[in-house]
Amino acid sequence: MPYFLLSEPLEANREYTVTGEEAHHMVQVRRVKVGESIILQGSNEARFRVQVLSVSRHSLTVQAIERLSVPPEPLFPITLYQALTAEQPLDYILQKSTELGVARVVLFHSAYSPHRLDGQRLIKKIERWGKILQEAAKQSERVRPPELQWQNDFEGALEATKEQAVLVLDETGTETFSTFAKKQKSIPSLTLLVGPEGGFSKDELAQLRALQNVEIIKMGPRV
């Protein structure tokens with residue numbers, strides 16, 4: 001069951017007041033009633049089944065009844081470097097990468113990105129992306145969302161990955177993901193680099209092929 005967030009630590013048998021966006025969602029969208037049980041996670045990442053004691057238009061009072069176990073975060077860290085795409089595909093990427101257990105998402109401009117973001121518009125987008133990651137974490141019952149980072153351009157993304165082993169997903173790759181995996185005896189983490197809808201440009205692919213820490217692979221025989 002998806003949980004809600006409390007901005008303070010949760011402890012057993014204590015009463016708490018939920019306000020803000022979470023209270024609005026519980027009261028106005030979920031229509032939570034007095035006596036109902038819901039799941040709440042505190043800032044200490046403790047998750048409890050709580051009972052609703054009172055409901056007002058903008059807040060709820062609840063009592064922590066039963067501490068619940070939480071699913072462990074994936075032990076194998078995956079970082080996704082994703083070039084900026086159109087809004088709807090990017091929302092989907094953020095949601096599904098969270099559900100699949102990605103530890104970190106780094107977004108960046110690429111040659112074929114449909115638009116460029118900067119200034120206040122970029123700040124608002126980063127806030128929105130953070131909310132999408134958080135909501136996807138709640139829906140999939142992850143304890144926390146992936147870490148979100150921003151690199152302004154392709155060169156910045158390459159610089160940030162220079163100490164990592166990077167797999168670039170591109171249809172020009174000669175090796176498949178599965179054959180690459182079979183050759184690995186031990187790999188502590190994975191960094192994936194993915195282009196926008198139009199893929200990476202020829203110049204970007206040339207830069208990638210010149211790097212020793214990068215392998216260009218494809219998922220399989222189909223695009």
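Visitor: Which residues touch the most other members of the largest nonpolar core?
Guide: In this predicted model, the largest nonpolar core has 19 residues, of which Leu 84, Leu 90, Leu 94, Leu 107, Trp 129, Trp 150 and Leu 167 touch the most other members. Such a core is a set of buried Ala, Val, Leu, Ile, Met, Phe, Trp, Tyr and Cys residues joined through side-chain atoms within 4.5 Å, where buried means under 20% relative accessible area, exposed over 50% and partly exposed in between, with a 1.4 Å probe and protein chains only. Residues are numbered from 1 along each chain as its sequence is written, and side-chain values use heavy atoms, without hydrogens and water. Local features need pLDDT of at least 70 and side-chain atom pairs count only at pLDDT 80 or more, while totals for chains, interfaces and linings use all residues.

Visitor: And which element gives the most to this core?
Guide: H3 does, with four residues; helices (H or I, at least four residues) and strands (E, at least two) are DSSP runs, numbered from the N terminus.

Visitor: Switching to H2, which of its residues are buried?
Guide: They are Leu 90, Asp 91, Leu 94, Ser 97 and Thr 98, and because they fall within an arc of 140 degrees seen down the axis of H2, they line one face of the helix. That arc is taken from the directions from the helix axis to the C-beta atoms. On the other side of H2, Gln 88, Tyr 92 and Leu 100 are exposed.
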